Amino acid sequence: LGSTLDRSRILDPTLAEAGEERIRWVARHSPVLNRLARERLGDGSFEGRRVAVVVHLEAKTAYLATLFAEAGAQVVAAASNAMTTQDSVCAALVRRGIEVHAVRGASADEFEADLLAAADFEPDIVVDDGAELTTRIVRRRPELAARLRGMSEETTTGVLRLRALAADGKLSFPAVAANDAWSKHLYDNRYGTGQSSIAAILRLTNLAGAGKRFCVIGYGWVGKGLARYAEGVGGTVTVVEIDPVAALEAHLDGHRVAPLAEALPDADVVITGTGTVEALDAAALRHLKDGALLANAGHHDREIDVAALGPGEEVRDGVTRHDVAGKRVYLLAGGHLVNISGADGHPVEIMDLSFSVQALSAHLIASRDLRPGLQRLPAELDREIARTKLATLGIELDAETEAQRRFREDWTL
Amino acid sequence: VSTIADPSLAPGGERKIEWAKAWMPVMNLVRDQLLEEGSVRGRRLAVILPVEPKTAYLAAMLAEAGAEVAVAFQGVMVHDDVAAGLAARGVEVFARHGSTHEEELRFFEEVLRRRPEVVIDDRADVIRLAHTTHPEVLDDLIGASEETTSGVLALRAMEADGTLKVPCIAANDARCKYLFDNRYGSGQSTVMAVADATNLLVAGKRLAVIGYGWVGKGVARRARGLNAEVIVCEVDPFAALEAHHDGFQVMTVEQACSVADIVMTATGTRGALPPAAVERLRDGALLANTGGIDDEFSVPALRERAVETRRVREHVEEFVLDEARSVFVVGEGVVVNLSAGEGHPVEIMDLTFSVQALAARHLLLHGRELEAKVHLLPHEIDEGIAFRKLETLGLEIDRLTDEQVRFRQSWEAFS
């Protein structure tokens with residue numbers, strides 16, 4: 001244990017018990033990981049493998065890392081975001097024999113050094129979030145990229161970056177778009193982000209959702225979840241989009257659709273969920289009304305142009321007040337992911353699904369020689385995760401009848 | 001002179017009070033009115049409410065309008081930093097987190113020793129104290145205003161047996177209070193407190209609400225808003241039918257407990273979860289109380305029944321019932337939005353406390369003319385608060401036309 005601690009960079013090993021408590025709660029509410037993933041990972045394909053887990057370092061991620069270690073892998077964990085690390089969970093991981101490089105609130109330089117430390121662990125398999133470690137391996141440790149068995153990516157943003165990497169001819173290893181599995185994006189991006197982001201906004205401010213006008217920027221899976229839960233707490237929703245198909249979907253879902261300049265002036269709460277940068281830029285900020293709350297539910301802290309807000313005064317924990325053209329504007333969680341910097345992130349049961357996708361993706365990488373390049377999790381594995389989840393809920397399904405199968409297969413009928 | 005935990009916590013408390021103030025536009029209008037007309041200047045008021053930022057601003061704004069204000073409350077619901085911030089604003093505060101029962105009694109007596117003219121009470125605690133062991137304060141006491149459903153019930157009982165000696169306003173029964181506070185306030189804050197305290201998903205969960213009064217309605221609606229499958233349990237046939245027509249499943253507590261993932265009590269009474277229902281609970285069930293009294297379901301009985309208990313998260317305690325079954329109590333069985341959260345949303349309390357402030361004003365101005373009974377807040381005052389709230393929201397509404405008024409007043413309208 002001493003040596004794991006020596007190799008790690010964490011805040012305080014004595015916090016381990018509090019972290020253990022959190023991981024145990026996650027284990028209790030992760031039936032798919034406990035049943036399907038644990039059985040699959042335990043087939044010996046992880047013996048002696050080196051796995052890097054670079055996802056928000058809180059209890060759910062810690063439990064995933066623990067399962068890899070239990071299956072015989074050497075595991076290193078680092079943060080994909082410096083503001084979302086829970087130091088007690090890091091301490092518990094170290095006590096469980098996993099090397100950790102993460103401290104909450106790390107500076108940009110420290111964050112970089114932690115990620116490079118994870119790279120220098122020389123992983124065979126990377127479980128990544130936002131392609132934070134993968135892009136650094138490609139740029140800063142190209143010799144490791146050549147030896148990588150494969151990586152698996154958690155987020156929409158990360159998949160976008162991997163596509164850019166592939167377009168540039170630099171994706172020389174297998175990359176599984178875990179995000180694109182149904183068992184991931186249909187639930188995690190929508191219900192997970194939806195519930196936890198809206199709850200975090202209400203908790204950080206102690207304000208009412210009822211009667212509030214929400215402006216949701218971006219109507220991908222995340223935006224859909226945000227809009228639905230904003231309505232669920234009694235708000236009305238305006239959606240801002242650049243994609244005509246998504247905009248039409250928002251319209252038919254019963255939301256008002258408007259360009260930013262029209263949507264912002266009466267918005268009480270503005271939430272970004274675009275997966276890109278400067279969704280709320282300096283020009284847009286001028287349209288905000290007095291008292292507007294701003295929060296980001298997308299991958300990056302760059303969706304809101306925080307610098308353009310100018311200096312802020314902290315008026316509540318996690319809430320800063322800025323003067324924008326004579327109006328009071330409140331920024332939540334510094335523009336970082338609001339659900340996870342302000343609280344515990346996604347609900348446990350959602351991450352049970354997402355991390356089962358990650359576990360089976362990593363298992364695929366460990367046990368098969370995949371072709372280089374971006375690929376999906378095979379549909380059969382994806383369905384198996386959903387089927388297992390339903391079984392743990394005690395929900396039964398019907399099966400296709402013989403007549404239905406014939407109709408589907410025989411075009412002459 | 002206040003009795004609080006630590007005066008040095010004042011800056012943190014002040015920041016919280018300022019935040020509340022920034023989102024209470026109606027209260028700010030009421031303060032301006034009281035200040036301008038001088039209706040509370042030099043008058044002695046007691047505020048008996050949980051010491052948290054919103055109530056603190058009620059006490060602070062009454063003081064700003066010139067009243068002499070004393071505050072006390074039981075320690076479970078006292079934020080020491082807010083108590084310090086309030087004391088620093090010149091309000092006398094008798095409250096500290098974790099106070100003993102004896103201390104709390106002393107705190108209430110301190111407040112009564114100041115001979116308040118009006119008491120803004122919670123669960124009628126101090127009114128009852130004044131009528132039982134401290135009748136000497138009744139001469140100076142013009143009246144009281146009561147915050148909760150359960151407190152109003154107690155006052156009506158006092159009125160019925162002739163014990164009540166001063167007029168009381170059932171602030172709880174004002175429309176600007178129960179329609180919003182009990183429904184949207186409790187609904188949002190209690191459902192969110194359970195989700196926050198557990199970090200669990202609500203979508204797809206079966207959530208049983210016991211009681212379909214205003215609080216139960218709010219809980220059911222917000223739980224549905226988070227994609228839960230909602231079950232309602234009632235004893236009143238009208239409320240049960242209402243729940244049915246609102247699209248919720250209706251069943252008995254025992255039936256509900258055998259299928260529910262989350263059980264929330266909102267009955268305003270005791271014994272909501274009888275032993276037979278506890279025996280039906282599923283492994284992993286979460287239990288939380290959203291009602292006005294602290295023992296809607298009995299945590300001590302659960303503790304006695306359990307073979308083992310342990311704390312598993314900050315606000316969550318596990319009760320192992322047998323080898324195959326544990327249930328989890330969120331927020332100690334005390335009203336969960338306060339025990340595991342920050343209470344009602346600020347804007348909701350803007351309405352509730354405007355009712356309280358104007359009820360206190362009404363008693364100061366007209367209390368001596370009122371009978372020693374439980375009264376409603378006069379309709380014009382209640383309506384005035386709603387109009388002011390709409391105005392601060394920038395919302396306009398229509399008025400009846402003269403013709404419509406005539407139609408409503410004339411029984412020959414159809415001729």
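A salt bridge here is a side-chain nitrogen of Lys or Arg within 4 Å of a carboxyl oxygen of Asp or Glu. By that rule, eight salt bridges cross the interface of chain B and chain A. One of them joins B:R15 to A:E314, with the closest N and O atoms 3.2 Å apart.

A word on the model. It is predicted, local features need pLDDT of at least 70, side-chain atom pairs count only at pLDDT 80 or more, and totals for chains, interfaces and linings use all residues. Residues are numbered from 1 along each chain as its sequence is written, chains are lettered from A in the order in which they are written, and side-chain values use heavy atoms, without hydrogens and water.

Back to the interface. How many residues does the contact take from each chain? Chain B gives 40 and chain A gives 39, where contact means heavy atoms within 4.5 Å. About 3200 Å² is buried between chain B and chain A, 51% of it on carbon and sulfur atoms. That buried area is the accessible area (1.4 Å probe) that two parts lose on being put together, summed over both. In chain B, the most area is lost to chain A by B:R15, B:W19 and B:N199, together 22% of what that side buries.

Now one residue, B:T265. It is found in strand β10 of chain B, residues 262-265; strands are DSSP runs (E, at least two residues), numbered from the N terminus. B:T265 is buried, at a relative accessible area of 0%; buried means under 20% (1.4 Å probe, protein chains only). B:T265 touches, among others, B:I210, B:A272 and B:F297, leaving out residues up to four places away in sequence.

How values were computed:
Helices (H or I, at least four residues) and strands (E, at least two) are DSSP runs, numbered from the N terminus. Buried means under 20% relative accessible area, exposed over 50%, partly exposed in between (1.4 Å probe, protein chains only).
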